[in-house]
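Please examine the model shown below before reading on.

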Amino acid sequence: MDQIILQLLNGLDKGSAYALIALGLTLIFGTLGVVNFAHGALFMIGAFCSVTLQKILMISQITIDESKTDFLGNALKVKTPYVEVWFGEATGQAIIDWSVPLAILFAIPIMLFIGWAMERGLIKHFYNRPHADQILVTFGLAIVLQEVIKQFYGANPIPTPAPDVFKGSFDFGTMLGFEANKIIYPFWRIVYFVFSVIIISGVFSFLRFTTFGMVVRAGMVDRETVGLLGINIDKRFTIMFGVAAAVAGLAGVMYTPINSPNYHMGMDFLVLSFVVVVVGGMGSLPGAILAGFMLGILESFASMNEIKSILPGIDQIIIYLVAIIILLTRPRGLMGKKGVMED
Amino acid sequence: MSHNKTTRRGLLKGGAVVGAGLAMPTFFTSQANAYTNAPSGGKVTLGFNVPQTGPYADEGADELRAYELAVEHLNGGGDGGMMNTFSSNALKGNGILGNKVAFVTGDTQTKSDAARASAKSMIEKDGAVMITGGSSSGVAIAVQGLCQEAGVIFMAGLTHSNDTTGKDKKANGFRHFFNGYMSGAALAPVLEKMYGKDRRAYHLTADYTWGWTQQESIQAATEAKGWETVNNVLTPLATTDFSSYVAPVLNSGADILVLNHYGGNMINSLTAAVQFGLRDKVVNGNNFEIVVPLYSRLMAKGAGENVKGIFGSTNWHWSLQDEGSKAFVKSFGTKYGFPPSQAAHTVYCQTLLYADACERAGTHNPCGVGEALEGFKFDGLGNGETEYRAEDHQCFKDVLVVKGKENPTSEFDVLEVVEVTPRAQVEYAPDHPMFAGGELGKCNPGA
């Protein structure tokens, strides 16, 4: 039982990442009809916003310590971050320690701008082209973006730790009446799950309860009619592209303490997230969330030793297996609209 | 009256023969020389086959830096680096056998097929007489096989699987880097000393040749010290989130987690294990500990603070104070501004060792070079007294047991050397079961 609860928790945080990326992916498809294979790259860029802020906060004043030597035997250059020089050691260290949460504020304008630039600069030219063209151009863009990041940051993962207060793990087991250490779960992964719930709720509320959101939803149903009412729906869809980019970026920012970011992390998530969108139903926001969490949990259960001893390698194929079964029995996905991507 | 005897059919036949000859790969047409890609025009070309893209690109970049430094030194440039401390005096700084050393590079992408394709191109098109490099055992084994077929020497770079000089060994292939067995033999006594005999280990193992042999070696070495192995779980190489593999560890009754992972796998699995708070737990009355059998400074840097206090092994470290290491660190650090990695060190050594063997053999012929390397004993290259064993082309030397440094003084100061394990402790018989199953075979000069 304890193993089942543990894998359920694991699935929730994996599902959080899948759901957040898939949410943006399906939002773009639902509004603009574009299959955006560069969406994983937006997740990766968000993560590197976190790395960038950390590097900015670590820009240091250099002093020479004659009493120590570096690896070449020269006097040691001691680096003291300017935030520590300006705000004092304790405050400066606290700011650096909280660089990941602070990166949320840093990433939002950057991701909105990148989303806007991507849509206006490239993707709008492919609205009336076949989906195959859209996939090719956005996949190409994803490769370009990851190579640019690699050029600046290198190929190795860069550690971006969570604030000290969130290090370590929480013992769920004792809370549920199990022995100590039976069901432990890292604090930051709990934070990530809560964060994803807040973002998902925020996006749904924005679409549901604001005039802007209602217009966007109306445009998703019937773009032409909304346009005939004198509403500039294209502009709103461009903004939604920016919002989708920001959601993916924020998912990336908060993911950095879970896995040290590297230039390839977007690709690692892209294919799985695309499967999530297809399983959930292309263009369906609730479908993306449902499928994200469902596949995350299934993937976690499939990696249990007990399951793998019966079905070796099942953890590698479970998501695709489920996708095949669902698409065979329900081609439009779990919550997709009838007629959308059913062919 | 003249009769033109050239017929259409004859012309076609002749053309086909000439065409086939021109189209044939160079290593099948090298009968004119005694071996493939004999140097000409006062120049000898070496092929550096490293990951320039993909997850190990940073390691590949460091290898390339070291190769370029080695070429500079061989051609008489720079401060000479470890040529000044190398026990052999055959290298004069005038290239190799009087030929100026040139090089071409290939991108392995850390994929066996891409690595073979780039090595093949360097041999056939660029005339490389020796191929060297790699940051993965799968790649090294694949390229070693190709070099054997093509008739060129392969000087392996960073490859740690027992199989490289075990069941997949080849007469044309030589490895300076240590291997999984040596890691186990060096680490186990230190782990016993630090953590005691009564321990239960849980292994997470990368599911490919290196992971399998590494795990087998560590399990055998630690069980010989009294440890029990609770479980060994194979993890797919493409795994990025190890939480579902780490989560069951505490419930298994294990009090040690051995991460037979390298590169991104190591960073992510170690990060997950630390996040789950394993190191804060007490199991079986013991503090829970994590072991990373193969460390790389470049990778350890990626894991950040998570490596602090964690034991592992490494082939070489820039903080060593022997004359060879100091010379190499000075030379590399002055040129590039930071200390070299173990990958850089091993490929620099391999380049010098190849050049030295050519000089001593008086030829680039792979069979002559191989003969010069087999059983060659040397010193001054940073690992103490070393021998290239003739039976399997594996270098035997001291191995370093290291630990993640608690109080680093710089971004390069990630690991500290805990023990220099003497060569005798990590040596094994050529027919050891972990290395059984393959034949060295005969050297292939390609002619």
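How many bridges join strand β4 of chain B to β5(B)? Strand β4 (residues 153–156) of chain B is joined to β5(B) by three bridges, and the two run parallel. Strands such as these (E, at least two residues) and helices (H or I, at least four) are DSSP runs, numbered from the N terminus; two strands pair if DSSP finds at least two bridges between them. Within this pairing, B:Met155 has B:Phe174 of β5(B) as its bridge partner. The model is predicted, so local features need pLDDT of at least 70 and side-chain atom pairs count only at pLDDT 80 or more, whereas totals for chains, interfaces and linings use all residues. Residues are numbered from 1 along each chain as its sequence is written, and chains are lettered from A and ligands numbered from 1 in the order in which they are written.

The β4–β5 pair belongs to an open sheet of five strands in chain B, with the order β2-β1-β3-β4-β5 and parallel pairing. At its edges stand β2 (100–107) and β5 (173–175) of chain B, each with a single partner strand, so one side of each lacks a neighbour in the sheet. Neighbouring strands of this sheet are turned against each other by 25° on average, direction ignored.

Chain B also holds an open sheet of seven strands, in the order β7-β6-β8-β11-β12-β16-β17, and the pairing there is mixed. The edge positions are taken by β7 (228–235) and β17 (415–421) of chain B; each has a single partner strand, so one side of each is left without a neighbour in the sheet. Helix α5 (residues 180–195) of chain B lies across β8 (256–260), β11, β12, β16 (399–404) and β17 of chain B, and runs at about 150° to β12(B). For such values, axes are lines fitted to C-alpha atoms, for helices over the stretch in contact, and angles run from 0 to 180 degrees between N-to-C directions.

Helix packing comes next. Two packed helices are described by the angle between their axes and the distance between the axes. In chain B, helix α3 (residues 112–124) and helix α4 (residues 137–150) pack at an angle of about 35°, with their axes 9 Å apart. Their crossing is right-handed, a term for a near helix turned clockwise from the far one by less than a right angle, anticlockwise being left-handed. On the α3(B) side, the contact is made by B:Ser112, B:Ala115, B:Arg116, B:Ala119, B:Lys120 and B:Ile123; α4(B) contributes B:Gly138, B:Val139, B:Ala142, B:Val143, B:Leu146, B:Cys147 and B:Ala150. Two residues are in contact if their C-beta atoms, placed from the backbone, lie within 7 Å. By class, the residues of this contact are nine nonpolar, two polar and two charged, where Ala, Val, Leu, Ile, Met, Phe, Trp, Tyr, Cys and Pro count as nonpolar, Asp, Glu, Lys and Arg as charged, and the others, Gly among them, as polar.

In chain A, helix α1 (residues 2–32) and helix α2 (residues 39–57) pack at an angle of about 130°, their axes lying 10 Å apart. That angle makes α1(A) oblique to α2(A); angles under 35 degrees count as roughly parallel, over 145 as roughly antiparallel, 65 to 115 as roughly perpendicular and the rest as oblique. The crossing of α1(A) past α2(A) is right-handed. A:Ile21, A:Gly24 and A:Leu25 of α1(A) meet A:His39, A:Gly40 and A:Phe43 of α2(A) in this contact, which comprises three nonpolar, three polar and no charged residues. The axes of α1(A) and helix α13 (residues 285–302) of chain A come within 6 Å and cross at roughly 145°. This crossing is right-handed as well, and its contact has 15 nonpolar, eight polar and two charged residues.
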